[in-house]
Amino acid sequence: LQTPFLSLPLQAKMSRPVQARRLEGIDKNIWVEFVKLAATYSKVNLGQGFPDFPAPEFLQEALKRALGGGNHMLHQYTRAFGHPPLVTALAQLFEKVLGRELDPMTNVMVTVGAYQALFCCFQAFVDEGDEVIIIEPFFDCYEPMVKMAGGTPVFVPLRPKAPKDGKLMSSADWQLDPAELASKFSERTKAIVLNSPNNPLGKVFSRGELELIAELCVEHDVLCVSDEVYEWLVYDRRELTRIASLPGMWDRTVIIGSAGKTFSATGWKVGWTVGPDRLLRHVRTVHQNSVYHCATIAQEAVAQGFQRELTLFGKPESYFVQLPRALQQKRDLLIQSLVDVGMKPIVPEGTYFLVADISEFKSDVPEVPNSDEPYDYRFTKWMMKNKGLAAIPLSAFYSEAHKNNYTNFIRFCFAKEESTLKAANDILQKWKKEKTSS
């Protein structure tokens, strides 16, 4: 007799939906599409945000010591919430910058990059129906992560104000409207996401701007997720004010950081959260029930890197001093190249990135029939395919409701070797000659 199991059709397909509702509408990702395009067409990739220069030699040596130093336990599990030497070094560093005593075991948690730290925060704090305020332009993962947690993103844009003196616009010229920001807070607001220095714009929020945000957070009893991954990359002698240091904010803020950005080693995927135990205990619960543990070897090497920097803190030999000086020079090289070809760069106060206005190039880029793609997407794809230079459209960093207002800008990454920036300049100079001769 044939069993019921064997009588089932061999090609039987599931009829019920397999996709969880929390994934609806968030399947597209700018990086999947544009990284593939850049790999296919570009000769020079100034799109994705990673350095093409090496991590500092002292960090490479630390990794070699961790791998071959004879401590075989560095190849095994370490403490789930952070390798003890690393959380200790991070606590000591943040004691300096925040001016408060920290417990490395309860005030610091190590994550698989800042990306996982963000995910853990949204999962730990956001419930169905909660609103999370996101300042635009924003790093693109904030919106889908809030939605996956069941929350509702509420967007408030930085609004550009053209400088009166005819100089290049600065990222500081993009500002929050205080009344508009205040109007976004309500009894449903659970958190606000702050990214300073900001990706993609390079804006470093002023103390006055942070005090405004802090006052609203305290008034409405709102949490702050403070993404500070570019904390050491601040230019033109500006200083970074940390919102957790303002009155009333330590108890409601989780700081997020990244060894990838701090030590130019983005592939190591070592990040962290810093904050009060009353918040981090919930972040730890998400962490222990997702990745549970981060790579021990990488944590050990990063710990040694921080131990070095603690001894050199504030001194000229510190990597935290040397790296922003080097990147500021690279920033200025790219600014000059873009100005020469007719783009209008927005001078960033921090980060790896600068945004440029491409309004003057609309005649260069052919219309695509039956396409609803915004101009910055079409321009960037055309530039990759026809000029060999990769960048990222700025409207990718905006909500659906606001992206059509910001389609005349693209984002470049200048955290590159000088030879890479020279190759980009060569492309731009050739482009300039073609425009002049036509």
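Student: Is Y235 buried or exposed?

Tutor: This is a predicted model, where local features need pLDDT of at least 70, side-chain atom pairs count only at pLDDT 80 or more, and totals for chains, interfaces and linings use all residues. Residues are numbered from 1 along each chain as its sequence is written, and side-chain values use heavy atoms, with hydrogens and water left out. Buried means under 20% relative accessible area, exposed over 50%, partly exposed in between (1.4 Å probe, protein chains only). Y235 has a relative accessible area of 0%, so call Y235 buried.

Student: How many aromatic pairs does a search of the whole structure find?

Tutor: Rings of Phe, Tyr and Trp (its six-membered ring) pair if their centres lie within 6.5 Å; planes under 30 degrees apart count as stacked, over 60 as edge-to-face and the rest as tilted. Searching the whole structure with that rule gives 28.

Student: What kind of pair do the rings of Y235 and F414 make?

Tutor: Their centres are 6.1 Å apart. The planes meet at 55 degrees, so the pair is tilted.

Student: How many residues apart are Y235 and F414?

Tutor: Helices (H or I, at least four residues) and strands (E, at least two) are DSSP runs, numbered from the N terminus. Y235 is in the loop between β8 (223-227) and β9 (253-258), and F414 in the loop between β15 (409-413) and α13 (418-437). The pair links distant parts of the chain, and the separation is 179 residues.

Student: And what kind of pair are F361 and F379?

Tutor: F361 and F379 are both buried. Their ring centres lie 5.9 Å apart with planes at 75 degrees, so this pair is edge-to-face.
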